[in-house]
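Subject: Structure for your review

Dear colleague,

Please find the sequence and the structure below. My notes on the features found follow directly after.

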Amino acid sequence: MTSPTTHSHTVPAPARLTSFGHGGGCACKIPPGALEDVVAGLVGAPVAEPAGELMVGLDDGDDAAAVRIRDDIAVISTADFFTPVVDDPYDWGRIAAANALSDVYAMGGTPLVAVNLLCWPTGSLSYEMAAEVLRGGRDVAGAAGCHVAGGHSVDDPEPKFGMAVTGTADPARLMRNDAGRPGMPLSLTKPLGIGVLNCLHKNTGEPIPHAVDAMTRLNADAARAALAAGVTCATDVTGFGLLGHLFKAARASGVSAVIDAAAVPYLDGAREALRDGFVSGGTRRNLDWVRPHLRSMVGEDELLLLADAQTSGGLLVAGEVPGAPVIGELVAADPGAVLTVR
């Protein structure tokens with residue numbers, strides 16, 4: 001009797017995971033201005049006999065889509081994935097899951113179920129490493145009370161991982177990026193600086209545990225606190241940086257925004273990483289995008305930190321959230337500048 005055929009997967013000695021990505025984390029996004037041009041023709045497309053009312057779609061580039069299926073239930077749907085942001089596969093999975101779940105929290109929703117999105121270079125990286133990525137995603141989703149049920153994978157020379165997440169929310173209590181009004185304070189629930197620290201890690205291999213801790217921390221508590229405070233306008237701060245996401249929210253709301261640069265918190269080491277030149281191309285593209293709409297009273301380095309491409313960043317809330325610093329306010333629309341940094 002012959003023994004069953006076994007299938008082996010032999011790959012070269014592993015290189016650093018971040019060396020396989022041309023960018024890192026949310027810094028690998030398509031530039032915001034180019035992305036808006038790409039999707040411009042998709043807004044308002046007709047839908048035959050829709051199963052629910054589209055409350056939030058492509059119009060303002062919000063964090064997720066929201067469809068009302070009952071007077072008291074809206075379905076929240078989002079997808080997010082990116083190239084490796086750290087070298088540890090388990091941590092990358094955790095970060096990517098927290099980042100995908102954040103879109104649901106930013107809308108005031110509760111995540112219910114997620115499916116994995118995995119691109120994997122099967123000739124270069126082991127399946128065991130892929131399993132660690134998936135395990136990290138599963139563990140963070142499980143801590144959020146969100147089921148992980150399957151997904152999709154493809155063979156790709158550049159590894160990518162993330163999740164498509166479905167959640168629910170109260171349609172009357174959605175947090176949207178177009179609901180800002182003059183006089184609302186702006187609170188930020190996580191420090192900035194993740195992008196420059198990730199760039200430092202990618203270029204030097206230096207582990208930065210406190211950056212990983214920030215990226216894997218769920219925005220669930222911040223979202224609950226915002227809802228309890230009656231907040232109606234929020235967004236999360238990810239690949240387009242604080243300036244980019246605030247610009248989108250202010251523009252969608254028909255207001256302007258003022259940022260007090262001295263009040264913005266940063267992770268330890270962020271300024272030093274910037275000083276040493278660890279700035280991603282995504283960060284520079286973010287600043288270039290908002291610059292025509294920006295009035296600044298601070299230097300270029302400060303603007304780069306405010307435009308820093310975050311991965312699994314915090315919530316930017318139009319309102320006060322206990323424990324979160326107030327970093328500015330929304331004001332009446334200013335013809336000269338959507339954003340002012342002072």
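Helix α2 lies across β3 (73-82), β4 and β6, and its direction makes an angle of about 145° with β3. Contact here means heavy atoms within 4.5 Å. Axes are lines fitted to C-alpha atoms, for helices over the stretch in contact, and angles run from 0 to 180 degrees between N-to-C directions. Helices (H or I, at least four residues) and strands (E, at least two) are DSSP runs, numbered from the N terminus.

Before the details, a note on the basis. The model is predicted, so local features need pLDDT of at least 70 and side-chain atom pairs count only at pLDDT 80 or more, while totals for chains, interfaces and linings use all residues. Residues are numbered from 1 along each chain as its sequence is written, and side-chain values use heavy atoms, with hydrogens and water left out.

The sheet

The sheet is open and has six strands in the order β1-β2-β3-β6-β4-β5, with mixed pairing. Two strands pair if DSSP finds at least two bridges between them. Because β1 (53-56) and β5 (147-155) stand at the edges with a single partner strand each, one side of each is left without a neighbour in the sheet. On average, neighbouring strands are turned by 20° against each other, direction ignored.

Several of the pairings can be followed strand by strand. β1 and β2 (residues 65-70) run antiparallel and are joined by three bridges; valine 56 has alanine 66 in β2 as its bridge partner. β2 is joined in turn to β3 by five bridges, again antiparallel, and arginine 68 is paired with alanine 74 of β3. These two strands, β2 and β3, form a hairpin with two residues between them. Further along, nine bridges connect β4 (residues 110-120) with β6 (residues 160-169), and the two run antiparallel. In that pairing, threonine 110 has threonine 168 of β6 as its bridge partner.

The nonpolar core

A nonpolar core is a set of buried Ala, Val, Leu, Ile, Met, Phe, Trp, Tyr and Cys residues joined through side-chain atoms within 4.5 Å. Buried means under 20% relative accessible area, exposed over 50%, and partly exposed in between (1.4 Å probe, protein chains only). The largest such core has 99 residues, of which Trp92, Leu242, Leu243 and Leu339 touch the most other members. Helix α2 (residues 89-106) gives the most to this core, with 10 residues. Leaving aside residues up to four places away in sequence, leucine 243 touches Ile259, Leu287, Val290, Leu303, Leu306, Ala307, Leu339 and Val341.

Serine 280 lies in the loop between α8 (270-275) and α9 (281-290). Serine 280 is buried, at a relative accessible area of 14%, and its side chain reaches the backbone nitrogen of threonine 283 at 3.1 Å.

Two further residues have a positive phi without being glycine: glutamate 49, near 45°, and serine 312, about 55°. Glutamate 49 is in the loop between α1 (32-39) and β1 and is exposed, with a relative accessible area of 77%. Serine 312 is placed in the loop between α10 (300-306) and β11 (315-318), and is buried, with a relative accessible area of 1%.

Yours sincerely

Terms used. Polar contact = N/O pair within 3.5 Å; in protein donor to acceptor, adjacent residues only side chain to side chain.
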